[in-house]
Amino acid sequence: MNLAVVGTGYVGLVTGTCLAEMGNQVVCIDTDAAKVAQLQAGQVPIYEPGLNELVESNVSEGRLTFTTDARQGIADSQIVMIAVGTPPQEDGSADLSAVFAVARMVAEVAQGKRVLVTKSTVPVGTCESLQKQLDEMGRPDIVVVSNPEFLKQGDAVNDFLKPERVVIGADDPEASQLMQELYAPFLRTGNRMIVMDIASAEMTKYVANAFLATKISFINEMSRLCQRVGADVELVRAGIATDSRIGDKFLFPGLGFGGSCFPKDVKALIQTGQQFGCDMDILSSVVRVNEQQRTFFFDRVLNYYGGQLQGKKLAIWGLAFKPRTDDTREAPALSLIEWILERGGSVQAFDPKAMPKVKQELGNRIRYCDLAYDALEGADGLIIATEWNEFRRPDFDRMRRLLNHPVIFDGRNLYSPDRMAQRGFEYYCVGRPDPVLAEKPVAEVAAGVSQVVN
Ligand code: NAD
């Protein structure tokens, strides 16, 4: 098939490339001329495992091209996919201006029938409004279909090539059929194509993200209680995750969720609830717990230094919002950096992939180190903010020698507290017994309770 993908970011580039990999002819369109020029020169502007190789082979075999010229891109495409950003506005609702701009542009330049697909995450009702706009522009032959994307950054290529499911929301049988044909090659191992009405497809994406975010906030809230009562959330997690009704995914305590999707999508769903007079109590708490999780961790750091960071030099390992990506949107590390700098501290940081993006944002406000160990040199402590694999088994002796003071604040629970004590570190992590936070030993609290009960 001939396809156009509009918006060549994390979703658009992976989508376009993987569709080309299946033999389709794909044009990726973006308004960012610098990004398009980079792609035309054979450079992939984002880090996503496996993507470089796939872009290179599909470009060289002539199935994948890049342009800023929408007219040229859309001329021969049966299907046009919208993969532009839908960032949050002040009130939490999704900014759909780019999505509507693309639909208008397609209506203006497309000659004849098209299927217009929303791959961007858009609130329920958006496809209906887009169709209305197209009808009013005299283009009812452009049919809108919802096809939310579930790939996760860091494993996006794999997720796209072997999806657990593909959701298609279509009211038009012909458009639905075309979409099913497009995705059939990706679902050869029996995974499911789920075809539904448009509103349900739009909701499916938000409900999936909201549920995953809820799991993260849930375990984070539990981690705080565990720490307080002298329990170890990692053991509790293992204890519950073996229950198949609960499962072991997305139950890792840490610094809270970040990235470009969960924070924005949960807030947008709360907004949709408000719009329709439906309180989203659970989701409001999910957001609150998530925000508290970062400040709770930072308070622990601050507390360690007696509330004073003036003149303190802190090392940070990990800047991306999660491993295997260079994306730093809503990354916990960036909040921590701001709070340290605000208090007169300094930061020397290392991330295997995200440093160029952070440099663009923070410039020389922090020091960037070429190696993880360089960041430790002369530092008063280390904060671990992203669980890159290479941080899991470092040379602890070397770390102790480089740090001014051997203290680690681990926001990702990478190490065993007992082993860290043996290695000569003061080690603070998430949701495990903490001598300072557990102001009263749990036995004392329990004794108090039993006295009251008696
Ligand atoms: P992104 O910011 O990486 O990419 C968006 C791209 O769209 C940019 O390159 C931008 O220049 C381009 N663009 C903006 N307006 C344009 C226009 N009018 N015409 C052409 N190009 C335009 O965003 P992303 O992370 O790829 O997310 C895109 C959408 O997909 C969002 O709605 C997001 O919620 C959703 N989504 C993202 C992920 C993810 O993991 N990032 C996963 C699933 C769904």
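**Charges, rings and an interface**

The side chains of Lys264 and Asp265 come together in a salt bridge, with 2.9 Å from N to O, where a salt bridge stands for a side-chain nitrogen of Lys or Arg within 4 Å of a carboxyl oxygen of Asp or Glu. The model is a predicted one, in which local features need pLDDT of at least 70 and side-chain atom pairs count only at pLDDT 80 or more, while totals for chains, interfaces and linings use all residues. Residues are numbered from 1 along each chain as its sequence is written, and side-chain values use heavy atoms, with hydrogens and water left out.

Side chains of opposite charge can pair when their charged atoms come close. The structure holds 17 salt bridges, and the surroundings of some of them can be described by relative accessible area, for which buried means under 20%, exposed over 50% and partly exposed in between (1.4 Å probe, protein chains only). Lys264 counts as buried because its relative accessible area is 12%, and Asp265 is likewise buried because its value is 1%. Another salt bridge joins Asp141 to Arg139, whose closest N and O atoms are 3.0 Å apart; here Asp141 is partly exposed because its relative accessibility is 26%, whereas Arg139, at 11%, is buried. In the salt bridge between Arg343 and Glu342 the closest N and O atoms are 3.6 Å apart, and Arg343 is partly exposed at 32% relative accessible area, while Glu342 is exposed at 59%.

Rings of Phe, Tyr and Trp (its six-membered ring) are taken as a pair if their centres lie within 6.5 Å, with planes under 30 degrees apart counted as stacked, over 60 as edge-to-face and the rest as tilted. This rule gives 17 aromatic pairs. One of them is the edge-to-face pair of Phe257 and Phe262, which has 6.0 Å centre to centre and 80° between the planes, and both Phe257 and Phe262 are buried. Elsewhere, Tyr304, Tyr305, Phe409 and Tyr428 form one aromatic cluster. Tyr428 also has the charged end of Arg300 over its ring, 4.4 Å from the ring centre, where a charge sits over a ring if NZ of Lys or CZ of Arg is within 6 Å of the ring centre and within 35 degrees of the ring normal. The charged end of Arg165 is placed over the ring of Phe150, at 3.6 Å from the centre of that ring.

How is the chain divided into domains? Domain 1 covers 2-197 and domain 2 covers 229-447, with bounds that come from an automatic or database domain assignment. The C-alpha centres of domain 1 and domain 2 lie 34 Å apart. Their contact, meaning heavy atoms within 4.5 Å, takes 19 residues from domain 1 and 18 residues from domain 2.

The size of an interface is often given as the accessible area lost when the parts come together. Between domain 1 and domain 2 the buried area is about 1400 Å², with carbon and sulfur atoms giving 52% of it; buried area is the accessible area (1.4 Å probe) that two parts lose on being put together, summed over both. Of the area that domain 1 buries against domain 2, Tyr10, Tyr47 and Gln153 supply 42%, more than any other three residues. The count between domain 1 and domain 2 is one salt bridge.
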